[in-house]
Amino acid sequence: MNRRTELRSFLQSRRARLSPSEVGVPTFGGVRRVPGLRREELAQLAGIGIDYYIRLEQGRNDKVSASVLDAVARALRLDELERVHLHNLAHPDRSRPLAAERVSEGTQWLLDNMPDTAVFALGRRTQVLAWNCPASKIFLDFAPVPERNLALLVYGQPAIRKLVLDWPVMARHVVAWLRLEVGRHPEDEETNAFIAELAATDSDFRRLWREQDVVDPMHGAYRLQHPLLGPLTATFRTLLLPEDPDQMLIVYAIEPDPSGAEGGEADSGIWCTSPDHGPVLPGCCPTHDIAAFIVRGRASARVTSG
């Protein structure tokens, strides 16, 4: 995989999702050999020559202007994030430095001082760079894990699939984060090799990557089935770090899921206890009270609302 391959695949996938009737292109009957718009139809809609567009789709036109890219984006009905992704693939910013493989002292201090919130920091290739104790008890303690990488864990660890009931949603979010990284650094060999290896070994990842969806999962929620706390809802917000745009914090608000609880037992029992227990998932720290930070958070919310 390289920049030209990604550019070609992205443009082809965006053409395939548009039917001629959607954009007012006459078909004159007959059998169409390709789904969606043909290259000549798109070139006509964008107001550029067919040969010029073919060179662009093949990645052979490094001098294509921003105005032409915007015209192609309008013809393809790209949203703003997709338009930026197209510009990044066509004109990579080779002066942009890659993120460091560690968090700053300030970021680590922030994680350590969020005792009521599960949070971890992601770097390039969804590397898990830092986490706090609540995250280790709800998801996984990454300390003893040899490969601290969210994509590898989500796609390769059966325990994560059992924990996250909305695993398909999380799997798509992981692909989206990697897709955006490729857009920012389309010529980074390490990222391209990582994605190629993951696609070669996992059919789910391969299928989702081929869809070429460009989304920005800045917020959302997952339903969890925790082995000790039962059904949970993990609502998350993604925060980009201004000092390093290739790093982000995933911050989770953990609440009991009433739709999965039986007869209110989760609220009156498990949530008000401090169980003495061992690891929840392989490598979890056994000393942290897994329920305490959730109980404190709910108590704080009641005080605030009162």
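This is a predicted model: local features need pLDDT of at least 70, side-chain atom pairs count only at pLDDT 80 or more; totals for chains, interfaces and linings use all residues.

Modeller: Residues are numbered from 1 along each chain as its sequence is written, and side-chain values use heavy atoms, with hydrogens and water left out.

Colleague: How many salt bridges does the count come to?

Modeller: Side chains of opposite charge can pair when their charged atoms come close. A salt bridge is a side-chain nitrogen of Lys or Arg within 4 Å of a carboxyl oxygen of Asp or Glu, and by this rule there are 20.

Colleague: Which parts does the salt bridge of Arg-14 and Asp-213 tie together?

Modeller: Their side chains meet at 3.8 Å, N to O. Arg-14 lies in helix α1 and Asp-213 in the loop between α12 (203-210) and β3 (219-226), so the pair ties together parts that are 199 residues apart in sequence; helices (H or I, at least four residues) and strands (E, at least two) are DSSP runs, numbered from the N terminus. Both residues also belong to a network of salt bridges, whose members include Arg-17 and Glu-82.

Colleague: Is Arg-14 buried or exposed?

Modeller: Buried means under 20% relative accessible area, exposed over 50%, and partly exposed in between (1.4 Å probe, protein chains only). Arg-14 counts as buried because its relative accessibility is 3%, whereas Asp-213, at 34%, is partly exposed.
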